[in-house]
Amino acid sequence: MATAVLTPDQLDGQAARLHDTQAWQQIVTGWEHTAAEPAPALAPGPARASDWRGMLSVPVDQLIDDTLRALPAPPPHERPLPGRLGAMLPDRVHLWRRVGQSDLRPSVHLGHARQILAEWGWQNTPYRLRNARGARCVCGAMISAHRLGYGSLDTVDRAGAWLITELRAQGWPGLIGPWNRHPGRTAADALALVDATIRRASLAGQ
């Protein structure tokens with residue numbers, strides 16, 4: 001089965017171009033300000049059972065969103081990854097896993113990329129999809145998730161744009177690759193970034 005060849009640097013560039021489009025900015029602008037308007041003030045008189053909402057300082061929807069934001073990202077409920085040997089094999093060996101797989105939301109795709117980082121390991125060798133042990137960089141994990149059947153190339157691009165959106169929110173002005181190989185970066189940092197991006201995309205319905 002033929003498949004498009006995509007490198008981490010290509011994914012990084014495509015995601016950055018998507019992030020910079022006006023359409024994407026409209027998607028991400030104000031995503032955290034979608035709570036309903038506060039309830040009107042209560043009229044004088046005996047309290048009713050439904051009047052508890054008026055005692056809140058923030059809307060109920062915002063409380064729910066804040067609670068969901070604090071929860072850890074759920075692991076993907078799919079067939080397990082190949083083992084350590086599978087991590088070291090070329091991704092083309094796993095192409096059969098794409099057969100019959102439907103497309104996914106970016107947040108779900110990122111959940112599979114996180115699983116790859118957690119189980120196969122994280123690495124920060126410059127300009128490398130993976131190292132000799134099969135560990136992946138952040139972009140490499142996303143590409144491997146696609147080649148294992150989890151999301152289309154368009155979904156990978158949108159997931160990358162969400163990662164860049166999260167990086168911008170955290171104050172990082174560059175691309176994913178330079179962030180991944182920045183001195184002092186750790187596997188825990190990479191997993192935390194993916195977790196935060198999953199929450200951001202999920203709350204936006206993606």
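Helices (H or I, at least four residues) and strands (E, at least two) are DSSP runs, numbered from the N terminus.

**View 1. Overall fold of the predicted model.** The elements of the protein run α-α-α-α-α-α-α-α-α from the N terminus on, a total of nine helices and zero strands. In this predicted model, local features need pLDDT of at least 70 and side-chain atom pairs count only at pLDDT 80 or more, whereas totals for chains, interfaces and linings use all residues. Residues are numbered from 1 along each chain as its sequence is written, and side-chain values use heavy atoms, with hydrogens and water left out.

**View 2. Surface and interior of the protein.** Of the 206 residues, 43% are buried (under 20% relative accessible area, 1.4 Å probe, protein chains only).

View 3. Because its relative accessible area is 0%, Thr197 is classed as buried. Beyond its neighbours within four places in sequence, Thr197 is in contact (heavy atoms within 4.5 Å) with Leu110, Trp162, Leu163 and Glu166. For the protein, 75% of the contacts between residues at least 6 apart in sequence join residues at least 24 apart.

**View 4. Arg185 and the ring of Trp172.** The charged end of Arg185 sits over the Trp172 ring, 5.8 Å from its centre (criterion: NZ of Lys or CZ of Arg within 6 Å of the ring centre and within 35 degrees of the ring normal).

How values were computed:
Buried < 20%, exposed > 50% of the residue type's maximum accessible area, 1.4 Å probe, protein only. Areas by Shrake-Rupley, 256 points an atom, 1.4 Å probe, with all protein chains shown as cover.
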